[in-house]
Amino acid sequence: MESIKTICPFCGVGCGLVFHVQNDFIVRVTPDESHLVNRGHLCGKGAISAEVIYTWDRILYPLKRVKDTFIRTNWDIVIKEISKKILEIRDKYGPETIAFYGGCQNTLEEVYSFMKLARALGTNNVDSCARVCHEASAEALKETVGIGASSVAVSEISKARNIVIAGESITDSHPVLSQYLIEAKNKGTKIIVIDPRRTGTAKMADMFLQIKSGTDIYLFNSVANYIISKNIYDKEFVQNGTDYFENFAKFVKDYTLEEAEKITGIRKSDIIRFAETIVEKPTIFSWGLGLTQTAGTNGVKAYINLALLTGNVGIEGGGLLVYRGQANVQGAGDIMKPDVFPNGPMNEENVKELERIWGFRPSTNKGLSITEAFFESDKVKALVLMNFNPAFSLPNRNKVKRFLQSLDLLVVIDPFLTETAKLAHYVLPSALWAEKEGSVANLDRTIKWRFKVVNPPAEVRTELWIIKELAEALGFSGFYDDPKLVFKEMKEVVKLYSNMTLDEIMDYSSNSRYPNHEISLYKDRFLTNNGRAKFSLVPYKEIGGEGLILITGRVVTRYNTDELIKRIPGYSSFSSEILINPNDAVKLEVKDGDLVKVTSKCGSAIFKARISSDVREGSTFLYMHDPYTNYVVCDDLDEISKTPRYKITFIKIEKVKFA
């Protein structure tokens, strides 16, 4: 029996797996003990990750829509027809009407090649599903400290004196990281959780601040004001390493603890205790979707202000840690954006460099992000999606479906006939992660190589092969189906990755963190233009609406749109209960187990009620994996990053009455 290493396809921890293979068949899966992040640990999803490879309903050959059904076709025909239609649409409407959007399980090489093909066609409508989760984090981090990624490795958690976890349930979303929390807690590290829901992580915390959803900015500004007023901030760090402190200090004076208590629902004494704890060193400031999908880019900036104020960046055991939700969401967000090139800003200098490497001159017209294309524009006529299921994953599902059905051309590259693929004109069957090679970047900047474990079904192709064939049919050269060749070119273009080598990426025990193998970034200087971090003056704006607040989140046994889980034996399609606070339940006259209709301005759905004190009064909770959740969640977007506010939708609840 052969043992082959690869990287788990699920969350952003990027665990190393060992697949035990006999006669091109995966017999069992074990954790890789040498991997520097998971260190021989594995969650339940990773343990059953191979099962979906052998599911009965994989797409095994290219499909073409004829009227209301799909017919089997072959690769020669489908590549020829798709390329012809793309060129017709480009010539008729212009290149800006074509878009290429991808999921975040795609490898770095796939994301890079996909983005390159779009730009060869003359469009900058390129984006990834990083847009709907942590683009707010990336933009805030890049502007304030230099790189849109975590500044500290997860291995530093056990060295921290305190770790703050804002809007993230590690026990559900990143269970393998629980080992670091337990290890840290045993050493005396204080765990502080900020969340409107009492999560599994909150239950193991030393301090739990059960905040009212959407009020994070007021909390962070008031804490900053208290720290400055008590003169307990890190003066040396602030003076030597930051800009705009004096303006910031004046700005936050209006944010008082008394008002913070009223607005956030957190007691003044607890806010003071929190403030006096985080000035200690070292402290890690970490966060998840609960922050980005409510307070957006400005919320992350306000949070980063606290790390700068306390001097907890660029030190051992301290820093900024973002919990990324998918295996390559960090890498996808690094490479594929509509408003910057993979080598930097859309300026003439970068255009010339790309023209030298690519052999064509990319456009400098800003493209459309995913959410702009789906919710704010009617420009897109042709859409190519790679392992991305927006008909399920985006909010306001009815609106999303109408957009997809309006397209002149919808091409979906995916192993499964997803909700999105069912609406496509062409569906191209792609290899699953264990049937191909390529690299992925995890949540703490670690890049590792996914090794091929088994062969894909006979007519299934890798994404790199599909992209290369499409490119050549469209008249472009310089595309490769060998991921190692793509990696070589990508390193030349993407400066963040230029110091990485294949040897260290393929060694799971090696510290292959970009840009320069740092465990902690910013020890000497920040990677901004002037080498200094920037305080942000972020005003609190109440997110208005009537009714209860609906929050969404993950459960440990499921994963995103559930395509990789629901097909596994023993699992089935996911349905969830809506959590309602006991006091709200009394007002609604709803009991445990009642069916309720949940309605927002965007849609409605029926759920079973579960009465739970885990949600604070005025809030409710649904799991994101439930296929009906996004019929209710609205497409309200953060004005800066265009990230949807999945975690703050105003709803009304009515008990379903039977005749």
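Which residues lie nearest the centre of the largest cavity? In this predicted model, in which residues are numbered from 1 along each chain as its sequence is written, local features need pLDDT of at least 70 and side-chain atom pairs count only at pLDDT 80 or more, whereas totals for chains, interfaces and linings use all residues. Side-chain values use heavy atoms, with hydrogens and water left out.

Gln105, Gln326, Asn387, Asn560 and Thr561 lie nearest the centre of the largest cavity, which is lined by 38 residues. A cavity is defined on a 1 Å grid over the protein atoms alone as a set of points where a 1.4 Å probe fits but cannot get out, and lining residues have an atom within 4 Å of a point. The largest cavity holds about 680 Å³ of space, a volume being the space filled by probe spheres set on grid points that are joined across faces, edges and corners. Its lining comprises 16 nonpolar, 14 polar and 8 charged residues; here Ala, Val, Leu, Ile, Met, Phe, Trp, Tyr, Cys and Pro count as nonpolar, Asp, Glu, Lys and Arg as charged, and the others, Gly among them, as polar. In the whole structure, 6 cavities of 30 Å³ or more are found.

The second largest cavity contains about 300 Å³ of space. It is lined by 26 residues, and Gly167, Glu168, Asp195, Gly290 and Lys647 are the closest to its centre. Two or more lining residues come from each of α5 (170–173), α13 (289–292) and β20, where helices (H or I, at least four residues) and strands (E, at least two) are DSSP runs numbered from the N terminus.

Strand β20 (residues 548–553) also belongs to a barrel, which 6 strands close in the order β20-β24-β21-β23-β22-β25 with mixed pairing. The twist from one strand to the next averages 45°, with axes taken as lines fitted to C-alpha atoms and angles running from 0 to 180 degrees between N-to-C directions. Two strands pair if DSSP finds at least two bridges between them. β20 pairs with strand β24 (residues 619–623) in the parallel sense over 5 bridges, and glycine 553 stands opposite tyrosine 623 in β24. With strand β25 (residues 649–655), β20 runs antiparallel and is joined by 3 bridges; leucine 548 faces isoleucine 651 across this pairing.

The largest pocket has a volume of about 880 Å³. A pocket is an open set of points with protein on both sides within 12 Å along at least five of seven lines. Its lining of 29 residues includes Lys142, Gly146, Ile147, Gly344 and Leu496, which lie nearest the centre. Helix α4 (135–144) and helix α15 (329–335) each supply at least two lining residues, and the largest share, 5 residues, comes from α4. By class, 11 lining residues are nonpolar, 9 polar and 9 charged.
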